[in-house]
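Dear colleague,

Please find the structure below for your review. My notes on it follow.

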Amino acid sequence: MKKTAFLLMIMLCANLSFSQKKKTTAKKTTTEKTSSIKVDNLLAEVKGKTFQVTITEKGKPTDALIVKELNDNLKPTDIKLSSFTASGTKLYLLQWTEKSNTKTDVKTEDITTVFSVIYEIATKKQVFSNFEKTSNIVEKVFLDKNKNASETQEKIRREGFVLTLNADGTVSQKNKTQENKWVYDAAKVDFVDAKKK
């Protein structure tokens with residue numbers, strides 16, 4: 001009876017151990033799917049140390065627009081690629097996020113930057129770019145010269161603009177103090193200030 005119970009315990013442990021390994025494999029597959037996004041004949045992807053938009057024809061790469069060179073610390077995540085029409089021209093909006101952090105004995109800073117670029121593929125030109133940077137800072141501040149007393153302070157610092165792609169193909173940028181609206185000028189192959197158009 002003891003031998004049977006012992007055998008059942010070993011089989012149960014082995015079964016649980018194999019089940020846990022399957023869960024780990026599923027996580028790897030999910031991560032790989034976020035490294036490239038395809039829309040129409042364009043593929044936004046990380047290729048080696050380059051983040052690029054590959055232009056394909058009949059499923060084969062014909063050209064590539066280099067978005068940026070990558071280093072080991074900053075990799076694009078949450079990549080999004082979408083098409084839209086502005087002033088009768090088909091454009092593509094590419095967005096991605098980069099996260100980094102710095103840490104010292106007295107300060108930790110977590111930085112999240114959302115980048116947005118718009119391409120006109122016929123001319124292979126970047127016609128607009130934007131960034132929105134949020135820094136979450138946790139800092140130990142000393143209250144006296146001898147550094148006997150301290151307190152932890154948290155603050156959020158924002159830079160750049162929040163970008164909104166409007167239904168009519170115009171682009172809006174907004175921060176705490178300013179709001180800009182941009183209209184695509186097909187003749188100039190560029191976005192221009194809506195107030196000056």
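Accessible areas come from the Shrake-Rupley method with a 1.4 Å probe, and for residues only the protein chains shown count as cover. On that basis the chain has an accessible surface of about 13900 Å², 54% of which belongs to carbon and sulfur atoms. This is a predicted model, in which local features need pLDDT of at least 70 and side-chain atom pairs count only at pLDDT 80 or more, while totals for chains, interfaces and linings use all residues. Residues are numbered from 1 along each chain as its sequence is written, and side-chain values use heavy atoms, with hydrogens and water left out.

The chain contains one helix and 13 strands (DSSP runs: H or I of at least four residues for helices, E of at least two for strands, numbered from the N terminus). Of its 197 residues, 28% are buried (under 20% relative accessible area; exposed is over 50%, partly exposed in between; 1.4 Å probe, protein chains only).

One joins R157 to E109, with the closest N and O atoms 2.9 Å apart. R157 lies in strand β9 and E109 in strand β7. E109 is buried at 11% relative accessibility, whereas R157 is partly exposed at 39%. A network of salt bridges links E109, K133, R157 and E159.

Yours sincerely

Definitions and conventions
Salt bridge = Lys/Arg side-chain N within 4 Å of Asp/Glu carboxyl O.
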